[in-house]
2 protein chains.
Amino acid sequence: MEMSRLAGGPEFDFIRAVLQNASTSHPLVRVGPGDDCALVGELALSIDASVENTHFRRAWLSPPEIGWRAVAAALSDLAAVAAEPVGVLVSIVMPPGDRAAYAENAMQGAIEAAEANGAVLLGGDTTAGLMLALDVVAVGRAVPPVLRSGAKAGDEVWVTGRLGGAAAAVSAWLAGGNPAAAARARYARPQPRIREALWLRERLALNALIDLSDGLLGDVAHIASASDCRIIIDSASVPIDAEAGATYTQAVSGGEDYELCFTTSPGQVDQMKAAFEQTFNVALTRVGSVEQGSGVAQRAPDGSVSAVEARGYQHFQDKRP
Amino acid sequence: MEMSRLAGGPEFDFIRAVLQNASTSHPLVRVGPGDDCALVGELALSIDASVENTHFRRAWLSPPEIGWRAVAAALSDLAAVAAEPVGVLVSIVMPPGDRAAYAENAMQGAIEAAEANGAVLLGGDTTAGLMLALDVVAVGRAVPPVLRSGAKAGDEVWVTGRLGGAAAAVSAWLAGGNPAAAARARYARPQPRIREALWLRERLALNALIDLSDGLLGDVAHIASASDCRIIIDSASVPIDAEAGATYTQAVSGGEDYELCFTTSPGQVDQMKAAFEQTFNVALTRVGSVEQGSGVAQRAPDGSVSAVEARGYQHFQDKRP
């Protein structure tokens, strides 16, 4: 049983406090709490909550989009360990009013997202409650998994796609406007990078892998902490989602883009970057490097390096637009 | 992939509508939606929601009891297929206010219930929200599982323990009073019948098995529907939880006692009933029989038989005290 370490931040403090008192060792459990998935036997398991007014507002998304987004976010945890999807369990809390119809439409979107990624519906639970909330369990097959804990000094740090689009959409809504179509699509219908992760795992020695759910700086902090190393992000190289109108801050701190970030030994990615980008129509960008030490830092275009303060990802209700 | 059938009721209508449009077939999936657990490879998986004001009120339970109850209910789904617990994933939505301390105390109770049943903490998610809600995923090893679908005409129907205690506690609270200590304990600290299920599976040919979460009449309706048979409950033989002050109606319709109900061929249980009761200090009671046909009926002490109308289990917010 490997217990990966988590970076700082109040949410992670809570999890650490809970874990201190919990037994996590069992012969079937290869990886317990702290990575993107638990690994039990040959299966990868993760649970991911999507709660009204915390992860989304009903005014922003259609019911099928709410379901799609909840399942895509959960399946992204399988991509984050390079596991192949098997199925999902979906627990839905339905608010009063147009309860059943709304929930049925949300479930339709959930099922579409599952099937688009090769996952079947395994089961679920339905409950009445004050607000709309979905918990999605992603179940995958992970042989062998790629964890957060394998980054090595000297590794390159790469990301898929362009970053900040989902955060740009949320900013537009919070400011009372409407997001650009590209930004809205990134938020409303994220695509978990399942096939991309499996493709990369086949062709590369992936040392560490994570999905970008807490924002680039927050997620590389998890890799740095779990791998006992320091990660430097080159700010000039971060692939900002310009089509979505994202800013640099949204690209490095905005969560929920569900792109991948991985580390690998130098020179490997260059040999397959073109093939990857042609196959998936998704960019691969080197954004930094792994060093000895701890924590995360940004290197500015002038070469100056500044440490990034550890903090957990804040959902939008805690933010100012 | 076996798709068990569900009995009638609005909640199950919703699930049926969703399942009509969902793909549920995958080479690793031995049992999909509709039984107490999905079976994926060697693992049994189930998700179970515990939502404030639907499953419990905060005034009724301490935070550790809320966590215990949520995990015990989820683990009961493992007992219901005679699976051995491996671990749990716990997603917790925390309401505003005393959020972190309250949630940490609830998680302590959750972890206690897991450890008391041989399950470790595998992971989870924490989210801010309007109300306190826990989703617990139970993960177990089920080789071989016992499903709802194997009941045969001629089988005897048995239950563990005494029924109606949890419903008696809820009735007392809803009437503005306080429940008897025994009733409160049944509701606040239920004991999933994990060891009992494994013990029975080793010694008996269990044809069908379920846990009593929807109430005896509702749960045997699931067995009848999945097994394509008719179940007759002998009303005089139902073991009412007298210590908890339960009524007959609470014993047959009150949910959340988390006792087991199983069917087996005649005469088998008589040979081991005394050993079971001595080992676990839990009663084993024959409550009925399986016939050809469909649906559920009650046989009164005078011998008259009346069919039971199909309906889903209603949580307390839909009930009149």
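In strand S11 of chain B, B:Arg286 is the bridge partner of B:Trp158. The model is a predicted one. B:Trp158 also has a bridge partner in S10(B), namely B:Phe262.

**Strand S7 of chain B**

B:Trp158 belongs to the set B:Glu156, B:Trp158 and B:Thr160, which point one way from S7(B). B:Val157 and B:Val159 point the other way. The strand, residues 156–160, is mostly covered, with 5 of its 5 residues buried. Antiparallel pairing links S7(B) to S10(B), residues 260–264, through 4 bridges. Pairing with S11(B), residues 284–291, is likewise in the antiparallel sense and runs over 5 bridges.

**Sheet of chain A**

In chain A, an open sheet of 7 strands has the order S8-S10-S7-S11-S9-S12-S13, and its pairing is mixed. Strands S8 (206–211) and S13 (305–307) of chain A stand at the edges; each has a single partner strand, so one side of each is left without a neighbour in the sheet. From one strand to the next, the twist averages 25°. Within chain A, strand S9 (residues 230–234) runs antiparallel to strand S11 (residues 284–291), and 4 bridges join them. Across this pair, A:Ile231 stands opposite A:Val290.

| Strand | Partner strand | Bridges |
|---|---|---|
| S7(B), residues 156–160 | S10(B), residues 260–264 | 4 bridges |
| S7(B), residues 156–160 | S11(B), residues 284–291 | 5 bridges |
| S9(A), residues 230–234 | S11(A), residues 284–291 | 4 bridges |

Strands of a sheet pair through backbone hydrogen bonds, in either a parallel or an antiparallel way.

Note on methods: Residues numbered from 1 in each chain as written. Chains lettered and ligands numbered in written order. Predicted model: local features only at pLDDT ≥ 70, side-chain atom pairs only at ≥ 80, totals over all residues. Heavy atoms only, no water. Pairing = 2+ DSSP bridges. Helix = DSSP H or I, 4+ residues; strand = E, 2+ residues; numbered from the N terminus. Axes fitted to C-alpha atoms, helices over the stretch in contact; angles between N-to-C directions. Buried < 20%, exposed > 50% of the residue type's maximum accessible area, 1.4 Å probe, protein only.
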